[in-house]
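Here is a short briefing to read alongside the model. Have the sequence and the 3D view open as you go.

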Amino acid sequence: MAIKGISGRIWQVRSVLRSESKIDLNKIISLLLKNRGIEGKVDQENFLNPPHPSKLKAIDFDLNEGDIKKAISVMNNKKEEGKKIIIYGDYDADGITGSAILWEALYSRGFDVLPYIPDRAKEGYGIRSESVAKLKKKYTDLGMIITVDNGITSFDEVGRVKEMGIDVIIVDHHKKDRKLPPADVIVHSDKVAGCGVSWFLSQCLKKEIRAKNSFYDNDGLDLLVIGTIADQMDLTGINRSLVKHGIRALNETKRKGLLEVFKEAGIKRGGIGTYEINYVIAPRINAMGRISHAMDSLRLLCTKDQEKARELALHLGRINKERQKMVDELLVKSKEKAEKELENKALVIVGRDYNEGIIGLVAGKLVEEFYRPTVVISKRKGISKASARSVSGFDITEELRQWEEIFESLGGHPMAAGFSIETGKIGDFKKKFINYANKTIDKSILEPRLLIDMKIDFDLIDDKLVEILLAFEPLGMGNPSPLFLAEKVRIVDIKKIGQDGKHLKFVLSQSDKIFEAVAFGFGNLELVEIKPNSFLDIVFSVGKNLWNGFESIQLNVKDLGIN
């Protein structure tokens, strides 16, 4: 029978380890790797000691080497012809970092190249022939557009750009459509983020052409790691190499803009990991594209002017705070609507003039709250925009493609999608999507689960285990923090901590071993049954706590059950 914790999530335990049996630490490593789908000596070695990205080849990225060579050849031809190249990026952290990486590679090698990030509200997602026409009018020598993190589904738009006499190279990672656009070259992989495809293309370019100007000297890995983590890429394969070494590069970065962001956000170089990237750095870069203009984020990443870097970092910080406030306000309205539709297995929330830049964030938060596929639509005159988020087991982009004829455009990943739709067709879409979800989605998919690596006793928790767990960093999608279950743990002491007592701090005991533990966000629990000398089952991760120069093991409680 499934066990539900206080959080309402179902506990799913994969392995059991008891201290009375002789436990080899290698067994723990092996089980943790197996739980992440990492089996075989070579794969395990690459996971624990990921190779430096410079040692990776096109085949590792699932890229066609011929496409890479052709792309570089076409770019070189434009350089020889004296033509301008525009890098047409996307306005999220992946697209911005990918555009910056490719722009730096080309610019430092003498190409006449400029980056271009479209305005989300005025131009929308992806390459637009109207925007390219304006660029052509401004730059009469424009000879090539290189899309980054977009373009793979833009069949008609790429065709129109080609009719203007402009060459097109697509650099993208989104799902291919049934019909590929008529670009001169397509450099595509769905194994990495858009910035990953851009980075590898840049590396191949650098091998062929020496730089004429020195730029930042860490090969763009500091930017690559931001885009990869922000785009929620799986960190068990090639992305693990990119992120592991990218984090090191980010902590050693000399980019003036990033250093000013660290200062503004109150984080220190040397202590930056996936958490800081995901929740501090990337949101600031993303915020510009959501409610302002993302070009400022790209300028921040590339500027060598100290004063400009400081000015832009402060601006990004202000815009991010504004974005947070807007999300909170829109979430309240959306939750009220969602609560009226909870009889359905999916949610479609429609609101007049919702800010298009934040509807994806709101959809994500609604999924966290109600755990079902969610579409949030900003209803406008003429064409409306939508953002969708899903739950594990329901490929939202693939499912939406069933009604492709209804949409003006559609793109995304298994867990996230975006589309535009004629406003008059919203009602028809909502009815079809909800009916389909109610008929086909199994109830079990809508039960949030907490995947627990193994059941252990406190006897097995020591410095050696902590050392093993450190080898699994960086943590993220596909490689979550290892979680453990300990049963019948005695509460020695308990108290509320933090602002308004939002969190719980425990002293816990089992098998004559005592550890401190913190349960973030559990401070609202009634403590009638949770009191000293009562017993709990706890799901937790293991880490270190540094206080007044003294380091100790601390358990981070993710869920608990009253024994």
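This is a predicted model: local features need pLDDT of at least 70, side-chain atom pairs count only at pLDDT 80 or more; totals for chains, interfaces and linings use all residues.

Residues are numbered from 1 along each chain as its sequence is written, and side-chain values use heavy atoms, without hydrogens or water.

**Helix 11 and helix 14**
- The axes of helix 11 (residues 256-265) and helix 14 (residues 306-338) come within 8 Å and cross at roughly 45°; axes are lines fitted to C-alpha atoms over the stretch in contact, with angles from 0 to 180 degrees between N-to-C directions.
- Their crossing is right-handed, meaning the near helix is turned clockwise from the far one by less than a right angle.
- From helix 11, Lys 256, Gly 257, Glu 260, Val 261 and Glu 264 meet Gln 306, Ala 309, Arg 310, Ala 313, Leu 314 and Gly 317 of helix 14 (contact is heavy atoms within 4.5 Å).
- That contact has four nonpolar, three polar and four charged residues, with Gly counted as polar.

**The second largest pocket**
- This pocket holds about 300 Å³ of space; a pocket is an open set of points on a 1 Å grid where a 1.4 Å probe fits, with protein on both sides within 12 Å along at least five of seven lines, and lining residues have an atom within 4 Å of a point.
- Among its lining residues are Asp 43, Phe 47, Lys 191 and Ser 241.
- Helix 2 (41-48) and helix 10 (238-251) each supply at least two lining residues, and helix 2 gives the largest share, three; helices are DSSP runs (H or I) of at least four residues, numbered from the N terminus.
- By class, the lining has five nonpolar, four polar and three charged residues.

How values were computed: Grid points are joined across faces, edges and corners, and a volume is the space filled by probe spheres set on the points.
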